[in-house]
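Trainee: I have a new model open. Can you walk me through it?
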There are 2 protein chains.
Amino acid sequence: MRILPWVIETDGDAGEGREFRESIFSLGNGYMGTRGFRPEQPGEHMAWRSTFIAGFFEYIRPGITDMVNQPDFSSAELRLNGAPVTELELRGRRQRLHMDCALAEWEYSVPMGGGAVHVRVEKFLSMANRHTAAMRFTLRAEGAAADCSLSLGLDGAVRNLPIADNQMQENTEFARIWGEVRAEATAAGGRLHASTSVSSRATAMAFAARCTGEAERSDELRGEYVGSRFDIHLRPGESAAVEKLVSVACFRDGAEPDALAGEALDYARQRGFEGMLEDTRRAWAGIWRDVDIELTGCDEWQGALRYNILQLVQSAPEGDGRASIGARGLTHGRYKGCYFWDADIFMLPMFACMRPRAARSLLEYRYNTLGDAVESARRFSAKGARYSWMSADTGFEQCETWDTGCCEVHITADVAYAIGAYCAQTGDVEFLRDCGCEMLVQTARYWTDRFSYCPEEDRYHLLFVKGPDEYCGVTSDDFYSVRMAAHNLRLAAEAVELVKSRFPQSWERLEARLGVCPGEAESWLELAGKTAQLYDGERGLWLQDATFEYLEPLDIKAHKTGDVPLYRSISFDRLQRYKVLKQPAVLMYMALMPGEFSRDELRRAWDYYEPKTLHDSTLSYGIHALLAARLGLEDRAVSYFEKSLFLDLRDVMSNTGSEGVHTASLGATWQAMVFGFCGLSQRGGRPVCEPNLPARVDSVKFHLRCHGRRYRVEISHERVEITEV
Amino acid sequence: MRILPWVIETDGDAGEGREFRESIFSLGNGYMGTRGFRPEQPGEHMAWRSTFIAGFFEYIRPGITDMVNQPDFSSAELRLNGAPVTELELRGRRQRLHMDCALAEWEYSVPMGGGAVHVRVEKFLSMANRHTAAMRFTLRAEGAAADCSLSLGLDGAVRNLPIADNQMQENTEFARIWGEVRAEATAAGGRLHASTSVSSRATAMAFAARCTGEAERSDELRGEYVGSRFDIHLRPGESAAVEKLVSVACFRDGAEPDALAGEALDYARQRGFEGMLEDTRRAWAGIWRDVDIELTGCDEWQGALRYNILQLVQSAPEGDGRASIGARGLTHGRYKGCYFWDADIFMLPMFACMRPRAARSLLEYRYNTLGDAVESARRFSAKGARYSWMSADTGFEQCETWDTGCCEVHITADVAYAIGAYCAQTGDVEFLRDCGCEMLVQTARYWTDRFSYCPEEDRYHLLFVKGPDEYCGVTSDDFYSVRMAAHNLRLAAEAVELVKSRFPQSWERLEARLGVCPGEAESWLELAGKTAQLYDGERGLWLQDATFEYLEPLDIKAHKTGDVPLYRSISFDRLQRYKVLKQPAVLMYMALMPGEFSRDELRRAWDYYEPKTLHDSTLSYGIHALLAARLGLEDRAVSYFEKSLFLDLRDVMSNTGSEGVHTASLGATWQAMVFGFCGLSQRGGRPVCEPNLPARVDSVKFHLRCHGRRYRVEISHERVEITEV
C-alpha cells in the first residue's frame with residue numbers, strides 16, 4: 001500500500017489480503033457506502049459485496065436489527081474471448097484511491113493470443129447527487145483482436161454477513177434480509193425494487209449503461225438480477241468504454257423510492273460519467289476546503305491523515321438527523337452497523353471544528369432518539385433518558401450482552417458531553433434551545449436515579465457499571481463514568497440557566513412539557529458535588545474504580561504479541577481480573593477535560609496507567625498520542641500517533657479486512673493531530689493553539705470554524721498564526 | 001384443587017387455568033415425562049402438548065440446545081354423534097392424579113339427545129418398562145344410543161415453545177426441531193420415526209390400540225400422523241373401552257430405536273392396560289416404601305408432601321448418568337430443560353437419604369460432563385474444571401446472559417458440595433475413588449485460578465461474581481460463593497487423603513493422569529484458609545458481599561404485592577441497587593452448613609437478612625422454613641413451609657401453568673420437613689434427629705438410608721425413634 005499525498009495505491013500483490021484491500025478502498029458519500037471490491041470480481045460470498053445505506057436497518061430478531069446489505073449495483077461480469085476474466089491471468093494490476101474526489105480505479109492487462117486486453121475500471125459515488133454512482137469500464141485490445149463481453153446489472157441475491165457480537169457463542173448464519181425482489185429491464189438498462197421481509201422496507205435502484213464504441217447489446221433478466229450485456233469486438237489497438245450509471249433510493253427518502261430513483265437516474269444520464277465526475281469533484285473540493293489538513297515534511301503522514309479524514313467524511317450522513325456513524329461506518333456490517341459513543345466522543349470533534357452542520361446532524365440523531373432513550377430508562381426502572389450502548393434506527397439497545405448493554409452506562413454522559421462540546425465550539429444556542437437543553441435535562445434525571453446514596457459517607461456511589469476500560473469487569477465508582485455523569489449534571493444546570501435567561505418563552509414551554517420542578521437543577525449540582533471518586537492521596541493518583549487495585553498484575557510483554565488484542569487468546573472472564581486496561585479510562589477523561597487537571601496530575605496518571613494499557617481497542621492509540629503530545633513526550637506521541645494514523649492502512653489490528661475501517665480511530669487520529677500536536681483549544685469563543693509539533697512535521701495548515709467564524713491556522717516550529725478568514 | 005392423602009383432585013372449574021392443571025397433572029417415569037393435558041383435548045398450540053425424554057436435547061443455535069418436544073403419543077380425537085367433543089358441553093368434569101401409581105384420570109358426561117355419554121380417560125407412564133405408556137378410554141351411553149368415533153395415534157407435527165431466557169429481548173418463535181418424520185400404519189396400530197434436523201437425533205414410537213366392544217376400525221395416515229379410528233355404536237346402557245398402548249425409544253438408548261420401540265410395544269401388548277398398570281403399581285409400591293413420609297394430623301400436608309416427592313421421583317433419571325433433573329423436570333421446556341445447581345443442592349439430598357442410586361446418577365451426570373467442564377475452564381482461561389450455570393446433554397454453558405452464565409461461579413462449588421454430601425450420607429467410597437475425587441481435584445484447581453491474591457492483606461478475593469441472591473449485581477467476595485469454594489478446596493484435600501490411604505493403586509493412576517503436584521493439596525488448604533470473608537464484628541454479622549451495604553433500602557411492603565416476584569415490575573438493573581435479596585445467600589450457606597455457625601450467629605443473620613428477602617425465587621421458601629424450624633420460630637417455619645409445600649399446587653408464583661413444576665422447591669420442601677421439622681442429621685455415620693415439629697403435625701414416619709443401612713424414623717411430639725430395619 002503506497003501512501004501518496006492524495007492517492008492510496010497498491011498493485012494488490014504486497015501480501016495484502018483481498019478483504020483488506022476491499023475495506024481500504026471503501027467508498028461513501030454519507031447517503032450510502034460500498035466496500036472497495038472490484039466490480040467484475042465476484043465475492044467469495046455475495047455477503048462480502050456489501051453496499052449499505054446510512055440508517056437502513058431491519059429486524060433480524062424481535063427488537064434487534066442489522067444494517068442491511070443492499071442489492072448489488074456494482075454487479076459486472078467480463079468475458080474475454082469467451083473466458084470469464086476471473087479465470088484468466090491478470091498482469092500489471094494496479095489499484096488507486098483518488099482522495100481528491102473519492103474515485104476508485106483498477107487497472108490490469110490480460111494476455112490474449114499474441115496480445116493483451118488492457119482493462120481499466122473506475123467507480124465513484126456522487127457527492128453532488130448522493131443517490132447516484134457511476135462506473136466506467138475501459139477495454140483496449142493491444143497487439144491482437146479480442147472479443148469482449150461485459151454484463152452490467154443490478155443483483156438482488158445478496159445476504160448479510162454472520163453477526164459475531166455474542167461473546168458466548170459463534171454465529172455462521174448468512175441471513176437473508178430481503179423478501180420480495182422485482183427486477184425488470186428498461187430501455188436504458190434496468191431497475192430493481194427490493195423489500196425486506198419483516199418490515200417491508202423498500203430500496204429502489206435503476207441503472208443505465210452505454211458503450212462509446214460499436215457493441216451488440218442485449219437485456220439479461222433472471223430471478224433477482226437484471227442487466228445489460230455488451231458484446232464488443234475490438235480490433236488490435238481499438239478501445240471501447242462502457243459506462244454504468246446507477247441510482248439508489250429507499251423508504252427513508254419518501255413514499256416513492258422508485259420514482260426518486262428514476263429522477264436520480266435522469267440526472268445521471270443527463271450528465272454522463274464525465275459530467276457526474278466533474279460535479280463530484282467540485283463538491284469534494286468544497287469539502288476539502290473545510291476539512292483538509294496540510295502537512296509539510298512528511299508525505300506519508302500527509303496522505304494517511306487525508307485518508308483518515310476522507311473516510312470520516314464518507315461515513316457522515318450530513319444533513320440526515322436520523323442516522324449517525326457506526327463503528328465501521330458504511331465499510332462493513334460489523335456490530336450490526338450500530339452507533340456507539342465512538343460517534344459522540346471520537347468523531348464529533350472533527351466535525352464540530354470543521355463541518356459544524358455534520359456535527360449537528362450527529363446530535364440531531366441523538367435528539368430524534370431521545371423518546372426511545374426515555375422509554376429505555378423506563379424499562380430500566382429509571383427516570384429521565386438512558387441512551388443505549390449500541391443503537392440503530394431506533395434508540396433501543398442493540399447490544400445483546402448484559403455486561404456492556406446494561407452496565408456501560410457512561411454512554412448517556414458521553415452524549416451530554418458531545419452536546420456541550422458542540423455548543424462550546426459553535427456557539428449554536430438555537431440547538432441548545434431546540435434540542436440540547438431537553439436532552440441534558442432528561443439525561444441528568446437519569447443520573448439522579450442511577451447513583452446510590454450512602455448516608456454514612458454522604459456520598460453518591462455509582463454501582464455495577466463498566467467503564468471505558470472494558471476489561472474492568474462490572475465494578476463501582478468508575479472514575480470516567482462518575483466524572484462524566486457529574487459533567488452531564490452540571491451541563492444540564494447550565495443549559496437550563498442559559499435557555500431560561502436567553503429564551504424565556506421557550507423555557508416556559510419546555511419546563512411545562514418536562515415538568516421541571518423548582519430546585520431540580522440545584523439537586524443536580526448537589527449530586528454532582530457529592531459523587532464518589534477514588535483518590536489515593538499518598539500517590540496523588542485518581543483510581544480507576546473500586547476493584548482495580550485488587551487485580552492481579554500481569555507481565556504484558558510476556559503475553560501480548562505485537563498488536564494482536566489479548567482477548568483473542570485470553571477470555572474476558574480472566575482478563576477482567578488482571579491489572580491491565582483495554583484502553584484509557586482515567587486518562588480518557590483527562591484527555592476530554594484537560595482544564596480539570598494539573599500537568600503533574602496528568603503525568604502521574606500517565607505513569608501509572610499507560611504501562612498497564614494493552615491498546616486492545618482501536619480507541620486507545622489516538623488518545624494516548626494526544627496525551628503524550630500534551631505531556632511533551634514526543635517519542636511516545638509519535639509512536640502512538642502512527643499506530644492510530646496507519647491503523648487501517650497498515651492493518652495494525654489485523655482485522656481491517658474482516659471488520660472494515662475503524663471510524664473512532666479516524667476521529668482519534670484527527671484529535672491527536674489537532675488537539676495534541678497543534679494544541680488547539682479555545683478561550684472566550686476564539687481558537688488558541690499551544691503546539692507540541694513533533695520534529696518530523698515542518699508545518700501544519702488547516703481551517704476551522706469557531707462560534708460562526710472561520711479561521712485559517714498555520715503552525716510551524718517557529719510560529720503560530722491564527723487568522724479569521 | 002383438592003389435596004387428599006393419595007389423590008390430587010379437581011373438577012377443573014375452580015378458576016384454575018387449563019395450563020395450570022396441565023402442569024400439576026404432569027406424569028413422568030424418569031425416562032420420559034408428559035404434561036397433564038387431557039389426551040382428547042387439543043392444545044391451543046401443539047407446543048403445549050409437551051412430551052420430553054430425559055437428556056434429549058438438540059441444537060437450536062451454534063452451541064445452544066433446547067429440550068426437544070417429542071412427537072405426541074397421546075394424540076386422540078373423540079366425536080360423539082358426529083360432533084367433536086371439544087365443541088360439546090361437558091358436565092360433571094372430574095380429574096384425578098392417583099399418586100400411589102402416578103395414574104391420571106379424567107371423567108365427564110356429554111349430554112346427547114335424551115341421554116348422555118359418560119367418558120373416562122386413564123393414562124399412565126409405565127414404571128415397570130419405562131419405554132411404555134398406556135391410555136384407556138371408556139365410553140358409556142346413558143339413556144340414549146350414541147355413535148362414538150375415537151381416533152388414536154402418533155403425531156409428529158409438534159413444535160417447541162418459544163424460549164424466554166433472554167432478559168433483553170422477547171422471543172415468540174415456535175421452533176420446529178424435527179426434520180424428517182416417517183409415519184406408517186401397522187396391523188396393531190402404527191409407528192413413527194422422527195429425526196431432528198440438525199444432529200439427526202432419532203425417536204421411534206409405536207402404538208397398538210384395541211377395543212373391548214364391537215367397533216369398526218380403520219387406519220388413518222396423513223403427513224406426520226398415523227392413527228387408528230374406532231367407530232362404535234353404543235346402545236343405551238352399553239359401554240366400550242379402547243386401550244392405547246404406546247412405546248418410545250430414542251437415539252440415546254442405542255443404535256436401533258425402532259427395534260427397541262418394537263420390543264417395548266411387545267411387552268405392552270402382552271400385558272395390556274390392566275397388566276401394565278399392575279406392574280407399574282408394584283414398581284411404585286417399591287419406590288414409595290423408600291420415599292414415603294407419613295404425617296398424621298394434617299391430611300392436606302400429607303397429600304401435598306407426597307405430591308412434592310412424587311414429582312421429584314417422576315423427574316429423576318435413576319440409573320442414567322447422562323441426564324439430570326431440570327429446573328422444571330420433564331413438566332415444561334422452560335430454561336430449555338437445562339440442569340442447574342437446583343439438582344445438586346436442592347434435590348439431591350432427598351435421593352441421597354432415600355434413593356441413593358438416583359442420587360448417584362445425578363452425580364454421574366456431573367462426572368460424565370467433567371471433560372466438558374475442563375474444556376469450559378480452558379475457554380475461560382482457567383485451570384481445572386468449571387461447571388456451567390446451565391448445562392444440558394453436554395456440560396457446556398447454555399446460559400446466554402453474561403451476568404449469570406459468566407459470574408454465577410458458585411455452581412462449581414455446589415457440585416463439589418453435592419459430592420461431599422452424597423458420600424457423607426452413603427459412605428460410598430467407591431464413588432469417591434472412581435469419580436468424586438477426580439471431580440474434586442479439578443474443581444479445586446479452578447478455584448486456585450479464580451481467586452485474586454492481595455499481598456497487602458494476605459487474602460484471596462473472589463472478584464466479579466454473582467451469588468445465590470441474583471439481585472446482588474456482579475460483586476466481589478460473595479459470602480456464599482467464597483465459603484462454598486473454601487469447602488470445595490477442603491473436600492478435595494480430604495478426598496485425596498482418603499483415596500491415597502484407602503486405594504493407593506487407584507490414587508497412583510489418578511495422580512499420574514491428573515498430574516497432581518506434590519504440595520498441591522496443601523496449597524488448596526492454604527487458599528481455603530485465606531479467602532476474604534466480610535464480617536462486621538460490631539454487629540456480629542457475616543456480610544453478604546462487598547457491595548450489599550452500599551445498596552439503597554427498599555420498603556418491600558410498598559412495592560411487593562402478594563407473592564408476585566418484583567422482577568416482573570422492576571428491572572434487574574434497578575433491583576440490584578436495592579438492599580433486598582431475591583433468595584437466601586448468607587442464610588443459604590448457613591442452611592447447608594449448620595455445624596459451622598452458632599445458634600446466635602444464625603439468629604443474627606436471620607434477623608438481618610430475612611426481612612430483606614423478597615422470595616422472588618422458588619428456591620427461597622423451603623430454605624427459610626428449614627432455618628426457621630432450626631431456630632424454633634414455629635410460626636415462620638410453618639408459614640414458609642406452606643409456601644414451599646403448596647408452591648405448585650396453589651400456584652404461589654402464578655407461573656406453574658406457564659412454566660411447569662418447580663423441582664428445586666420440591667426438594668427444598670423435603671429438606672424443610674426432614675432437616676428442619678424432623679431435625680435429621682448424622683453423627684458418625686448414624687442418623688440422629690432433633691425435631692422441631694410444629695403443633696399441627698402429630699407424628700412423622702419415614703425410612704432412610706445411611707452408610708448402606710436402612711432405618712425407620714418415627715417422630716412425635718413425645719419421642720423420637722430411629723430403628724435399623
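Mentor: Let's take the chain contact, then a helix pair, then some loops. Keep in mind that this is a predicted model.

Trainee: Okay. How many residues of chain A are in contact with chain B?
Mentor: 40 residues of chain A are in contact with 40 residues of chain B.

Trainee: Which elements give two or more residues to that side of chain A?
Mentor: They are α7 (402-405), β22 (452-454) and α14 (572-575) of chain A. By class, the side of chain A that touches chain B has 15 nonpolar, 15 polar and 10 charged residues.

Trainee: Why do the copies meet through the same surface?
Mentor: Because 100% of the interface residues of chain A are also interface residues in chain B.

Trainee: New topic. At what angle do α8 and α9 of chain A pack?
Mentor: Helix α8 (residues 410-426) and helix α9 (residues 429-450) of chain A pack at about 150°. Their axes are 10 Å apart. Angles over 145 degrees count as roughly antiparallel, so α8(A) is roughly antiparallel to α9(A).

Trainee: Is the crossing left-handed or right-handed?
Mentor: The crossing of α8(A) and α9(A) is left-handed.

Trainee: Which residues meet there?
Mentor: From α8(A), they include A:V415, A:I419 and A:C423. From α9(A), they include A:F431, A:L432 and A:M439. By class, this contact has nine nonpolar, three polar and no charged residues.

Trainee: What about helix α11 of chain A, how many buried residues?
Mentor: Zero among its 11 residues, so to speak a helix that is hardly covered. Just after α11(A), A:G515 takes a positive phi of about 60°.

Trainee: Which residues other than glycine have a positive phi?
Mentor: Among them are B:S381, with phi near 55°, and B:D458, with phi near 50°. Most residues other than glycine have a negative phi.

Trainee: Where are those two?
Mentor: B:S381 is in the loop between α6 (370-379) and α7 (402-405) of chain B. B:D458 lies in the loop between β22 (452-454) and β23 (459-461) of chain B.

Trainee: Is B:D458 buried or exposed?
Mentor: B:D458 counts as exposed, with 8 C-beta neighbours inside 10 Å. B:S381 is partly exposed, with 17 other C-beta atoms within 10 Å.

How values were computed: Residues numbered from 1 in each chain as written. Chains lettered and ligands numbered in written order. Predicted model: local features only at pLDDT ≥ 70, side-chain atom pairs only at ≥ 80, totals over all residues. Contact = placed C-beta atoms within 7 Å. Helix = DSSP H or I, 4+ residues; strand = E, 2+ residues; numbered from the N terminus. Nonpolar A, V, L, I, M, F, W, Y, C, P; charged D, E, K, R; others polar. Buried ≥ 20, exposed ≤ 12 C-beta atoms within 10 Å, placed from the backbone. Axes fitted to C-alpha atoms, helices over the stretch in contact; angles between N-to-C directions. Parallel < 35°, antiparallel > 145°, perpendicular 65-115°, else oblique. Left-handed = near helix turned anticlockwise from the far one by under 90°.
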